[in-house]
Amino acid sequence: MSNPLRDMEHPDVIFAIGTNMTECHPVAATRLKKALARGARMIVADPRKIRLASLADVYLPIRVGSDVALLLAMAHVIERDGLVNWEFIEARTAGGDDFLTHVKQFTPEWAAGICEVPAADIERAARLYGEGAPSAIYYTLGITEHICGVDNVKSLCNLALMTGNLGVEGGGINPMRGQNNIQGAGDCGAIPNNYPGFQPVDDPGNCAKFSTAYGREIDCERGITKVTALDRCGMDEDGIHAMLIDGENTVVTDPDKNHCEHALKSLDHLVVIDIFLTDTAELADVVFPATAWGETDGVQTNTERRVQRLRQAVRPPGEARPDWWIISQIATRMGVPGFEFAEAKEVFNELCGLSPIYAGLDWDRIADGEYQWPVPEAGHPGTPRLHEKEFTNGRGLFSIIGYRDPAEVISEEFPVWLTTGRRLQSYHTRTQTGRSAGIEYLLPNETLEVNPDDAAAWGLENGAMVRMSSARGSIEIPVKVTGMSPKGTVFTSFSFANVPVNVLTGSGYDPVTQTAELKVCPVRIEAL
Amino acid sequence: MTGLREQRPADRVLEMTLDGEPVKFTEGETIYEVAERHRKDVPTLCYDPRLEAFGACRLCVVEVEGVRNPVASCTTPATDGMIVKTRTAILEKHRKTLLELVVSENRNVEVDELSGYASQELTELVDRYEARTGRFAGKQSGTTNDADRNPFILRDYDNCISCYRCVRVCAEQEGDYAISVMNRGFATQITAEFGRDLRDSQCTFCGQCVQTCPTGALGDKKALRDAETPGEVRKTRSICPYCGVGCSVDLLTKGEKLVGVLPAMDGPANEGALCVKGQYAFDFVQNADRLGKPLIRRDDGELHECEWDEALDFAANGFKEAIAKHGRRSVYGVASGRAPHEAAYTMQKFIRAGCGTNYIDNCSRA
């Protein structure tokens, strides 16, 4: 998030797109509700009539995967109606002229045909966002899990740049991170393109710094993503033959389950570290028992870049050990030096020494969780709000974006849009919430949410079992008739093992990030 | 009850006399807030600093010079030159009488501390004012809802004192309006829409009503399963393990058992709020399915428990063999978005220092 969570109580206009925040980030959503109670207005763009939609001033039930068209048309209206913040554009940005010329062709009427919402509503949304003082954007995986995920994010940046809604209280562009430490995994350099602290691996200076720190030469070229790695498992040329997976139930969470299972099975050596024997761990040659939350000391970073401490409260079961200890032991036994860590504190402090955004932090300093990175040196108060004075790279760059259809679109064979997501009461593959007493009282099983008109047309009643098929496979699932789903679009979560929806997904990937288009999958539904 | 406190201008510094001492305050502060800042320990039951002041319990009354009757300090703004007394014989007698009345309507005054964050407030005040006199023994108000079988929220309204904190936290903090009030006076009853179970209302089971209840009328059913478990309740500050908001929590343990979770009122991300997962989905940690020994795949094709040394050597040798046979770019590391920094950091170091590649990723692409 560019802005701190507390800023969520202060926007004049809220633009929530592709975020089912009351279910996926409920505590953050309470702050938006407080802003609304204070008089803030809200635009919600989401194919499903989620709770936020019922609180919105303008609700845009756009067709899945049509976000870029909506955002281009909003930029068009903001430019046409003179809502551009010229002062900000001139002082802080680059590429504004080209962008403002580019958007002249994308009228609300054009977007209405793609997004399947009235042009007048797009106009209202654009003017509301453009006039907000300030306006804040919130998004989640509804924006990123598309083949055009990067385009979606850049389109949102364009809106914020052209209206000057960056670096101000109650404004900004705010992705809500979905996992407790997914931000931290990136902070720590567990990505193929960056060392810890988002230092690019293809910068020779960084490469030399880490080669020296780790005592061995490291490639100065980017690694491959997990998606590519799974594609290359067991291949003769450039193949991946051994994999170390920590705490991820890859075969259930990733798209195209059958492909993923096949990939892991074709490895010579698969080592999994986890707290349960997950479907993924079942495929491993060795499984290590890790300590869980509540059993280990450590650090995690939240969605507002706040670096916070986790603490051990109880003893782990049996002989379970911390992940860092297990990985360090494997490295040491391979003869790799530099893994002589005695406690979590030493690991974190080593990270701080190598990461410019953590340079002012150490284990003791973050005891109360008061710092949001970047914290460039000791004594620095941290950075709750990014881009206040200047952008990291100097000027904020506009991007020229065009609309593209999803990787697969509905057809005679697969005439219904499937979109997937989470539910309030369960988390991911239920390895945790499924083992917590009482949760099943609130959410006993998975259902496929179908619009009442569709249910009537397809001859389905509440609870009816259907077979849902995509180009990759099929699953069986009971129907829940609900107005939450728009006509022609169905929804389910990926939480329940008996409804492995990721058998169906995997139609395409964003070319830059290789994030899968989990939010769009044409399907066929047949009554059983 | 829907509005929220406005941001206060903090520029003008004013002065009042509090129990004989001159004290400074800023415009917009209530007498109660000024008194709290000076540790006057004015008693309250209907007050939650996160909520709009309500002025229902009348325990926070203070004497203001020039005003004939005591005023509720929580709803009265401090003004320049005001002379306030927070603890006089008359006020203390008044407070004791109020507490005697409150207690007379309740079945229990002692409640288990596992009931919730604020559950000891009434008990502590009754002890402080020695109000267990039984002077007003009579009818009890509130009817416990035993019919709601939900596994999380105990609805023991026999212990309700109609402070409305649950109703207000649901409306003001959560914006859910799942809880409301039925009837008036002695017959006042906290209820959900149409008297139905919470599951059939707008309730999201965030547990905020439980945590603000000062009497244990609303209790954490899940934590209370361990009311009889021996041992002191210990608190450990940590962060919720679910989404990326990063809510601060206090883990409640008895001995080596994790028995519950409390929201941290001073948590920077959540300021006391939690959701159903953070509040109630904690016991996966001590589930019987947890792995406690390394597992290794033997010749029969099955995974078997083994000792750490064997498993670690086997894992290390497998990577060494892959590098020897297929080169250093044949090894890949996947870090977790769920495990702490130390896991992700050592994982990327394992790949970079161990293989000299950047063949490392995490689960954010899924």
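Two strands count as paired if DSSP finds at least two bridges between them. Strands here are DSSP runs of E with at least two residues, helices are runs of H or I with at least four residues, and both are numbered from the N terminus. The model is predicted, so local features need pLDDT of at least 70 and side-chain atom pairs count only at pLDDT 80 or more, while totals for chains, interfaces and linings use all residues. Residues are numbered from 1 along each chain as its sequence is written, and chains are lettered from A and ligands numbered from 1 in the order in which they are written.

Strand β9 of chain A (residues 242–246) runs parallel to strand β15 of chain B (residues 331–335), and 4 bridges join them. Within β15(B), Tyr332(B) is the bridge partner of Met243(A).

The wider interface comes next. Here 105 residues of chain B are in contact with 125 residues of chain A, contact meaning that the C-beta atoms, placed from the backbone, lie within 7 Å. Helix α9 of chain B (residues 341–355) supplies the largest share of the side of chain B that touches chain A, with 13 residues.

Chain B itself contains 9 helices and 16 strands. Its radius of gyration, 27 Å, is well over the 21 Å that the globule rule gives for 366 residues, so chain B is more spread out than a compact globule. This radius is taken over C-alpha atoms, and the rule is 2.2 Å times the number of residues to the power 0.38. Along its principal axes, the C-alpha trace of chain B spans about 90 × 50 × 40 Å.

Terms used: Contact = placed C-beta atoms within 7 Å.
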